[in-house]
Each structure stands twice: as structure tokens, then as C-alpha cells.
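Hello,

Here is the structure I said I would pass on. My notes on helix packing and pockets follow below it.

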Amino acid sequence: MPTWLYEVSPTIAALIMVVFIECVALAGLVLVRRHLLPRLHYHDGANDAVSGTVQAIGVFYGITVGLIAVGVWNTNSNASELVSKEAASISALYRDVSGYPSPVREQLRAKLRQYTVFVIEEAWPAQRRGEGQSINTGTAIIDDFQHDLHTFQPANISQATLHGETLRAYNTLLEYRRLRIDAVGGGLSNVMWAVIWVGAAISIGIAYFFNIPDVKLHAILVILMGGFLAMVLFMIIINDKPFYGYGSISSDPYKLILERVIDVSQ
């Protein structure tokens, strides 16, 4: 898919998809009725044969596109859940390091706040541009936090217990962060998109071969098929890249943690 389609609002993207597919479908209908259908010899059962073919192709294509749509919807839902989990892991880690003695407590809390602000103000805009994997600032902040955390030496059993729990919370944050960064570059492959578009073209094209004398009726049927396919394809597009473009997942969970957990305790 062209990347600029993800950079406009979903409403405009939907209109573009519908108009484009409808125009192509109608242009194909005009060409087929003018140049191809006059060369074919129809008989009384021709429409039944075309109808059977339409149904067979519709079933297989519907199953294929349906499975793809479910897959991209699950991808989008999992990405949204992953964002919430990373934000929650930041909150849990921040509360854990708040139990450390000074000045380690202040150092670790400052690093976590710096990382949260980085995610909101730098990582998220970069992800929307498709550049989320090329920013190394977050890695540097995490490395500094890890250095301060690993050099801390517990002075008693209570601190040792807290330190062990903090290390587990830190590893959880690293896991969710890595999964989010990997998900930024996700999406359907070119092969899958080829199957979707070729299947859509065949599904609409087979309807051209109905023997319908009234061109207006024929055009209405093609328009209805094209409009339905356009909306299905739009649904796949809007959920295919959850971190990219205008309709991407928001950074609200991180903002919530920053406002209600981190900044409140400053």
C-alpha cells in the first residue's frame, strides 16, 4: 500500500479507497461491455454459470480476506495492549525504585521520567513516521538506568528483597519495550497485498460477464460489489500498521503514568 494513505485521516482514506476502486471497476465494466462481451456467444444458462463462478470465487476470497482481516485486527489489538503493558511496567518500576535509599532513588526516578518523556515526545512521533527503530536515545537512557540499578549494593535483607523485585520489573519493561519496537515495522507482506488486490480484481471482474442488457443495472451491481470490497480493504489498511500514520495508537497510557504517578511524586 502507498504510505501516504496512512498519513491522512481515516475518513479521507476511506473516501479515497471507495472512489478509486469504484472508478476502476466502472472503467473496467465499460471496456468489457464495449470490446469483449460483443465477441462472446451467450445462451440461456450463461448467467447461471457466471453466478456459480461468482459464488465460488466469493467464498474462497471471502475466507482469505476474512482471515487476513482478523489477523490485522488482532495485531492492532495486541499492539494497543502492549503499549498499556509497557506504560504499566514503567509505573510499577517507578514505585519500586521509590523505595531505594537516597541518592540512588532520585537518580533512578529521574531516569525513568526521562525515558517516559522521551517515549511521548520523541519515540511516538518517530513511530508515526515509520522511524521508530532508528532512534537510539531511548537505548542510552535505559543503559544509564541499568548501570545505576546494577551498581546498587543492598545493605540489608529488606533492600535485597526490594532490589530483586525491581530487577524483575526492569526486565519486564525491557521485554515490552523490545516487543513494541519490533511491532513498529510490522505489517502485511507484499505477497499478501498482491493476493488481496488480485483477488479483489477477479471478484469484481467476474461480475462483468453477467448478461444484463440494462447497462445501468449492471453498473449498479458492480458499484455495490466495488464499494463493499473497498470498505473491507480499508478495514485491513487502517489496522495493518498500528504505530504508523494518522490513525496510529496514541501515547495516552504513557502520558497518564507521567501525570498521575511520576510527576505527582516529584
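Is the crossing of α3 and α4 left-handed or right-handed? The crossing of α3 and α4 is left-handed (the near helix is turned anticlockwise from the far one by less than a right angle; clockwise would be right-handed).

Before the rest, two points on the source. This is a predicted model, in which local features need pLDDT of at least 70 and side-chain atom pairs count only at pLDDT 80 or more, while totals for chains, interfaces and linings use all residues. Residues are numbered from 1 along each chain as its sequence is written, and side-chain values use heavy atoms, with hydrogens and water left out.

Helix packing

Helices here are DSSP runs (H or I, at least four residues), numbered from the N terminus. The axes of α3 and helix α4 (residues 137-150) come within 10 Å and cross at roughly 165°. Axes are lines fitted to C-alpha atoms over the stretch in contact, and angles run from 0 to 180 degrees between N-to-C directions. α3 is therefore roughly antiparallel to α4 (angles over 145 degrees; under 35 counts as roughly parallel, 65 to 115 as roughly perpendicular and the rest as oblique).

On the α3 side the contact is made by L112, Y115, V119, W124 and Q127, and on the α5 side by L173, R177, R180 and V184.

Pockets

A pocket is an open set of points on a 1 Å grid over the protein atoms alone, where a 1.4 Å probe fits, with protein on both sides within 12 Å along at least five of seven lines; lining residues have an atom within 4 Å of a point. Volume is the space filled by probe spheres set on the points, which are joined across faces, edges and corners.

The largest pocket holds about 190 Å³. It has 13 lining residues, and G58, Y61, S203, F228 and L229 are the closest to its centre. α2 gives the largest share of the lining, seven residues.

Regards

Terms used
Helix = DSSP H or I, 4+ residues; strand = E, 2+ residues; numbered from the N terminus. Contact = heavy atoms within 4.5 Å.
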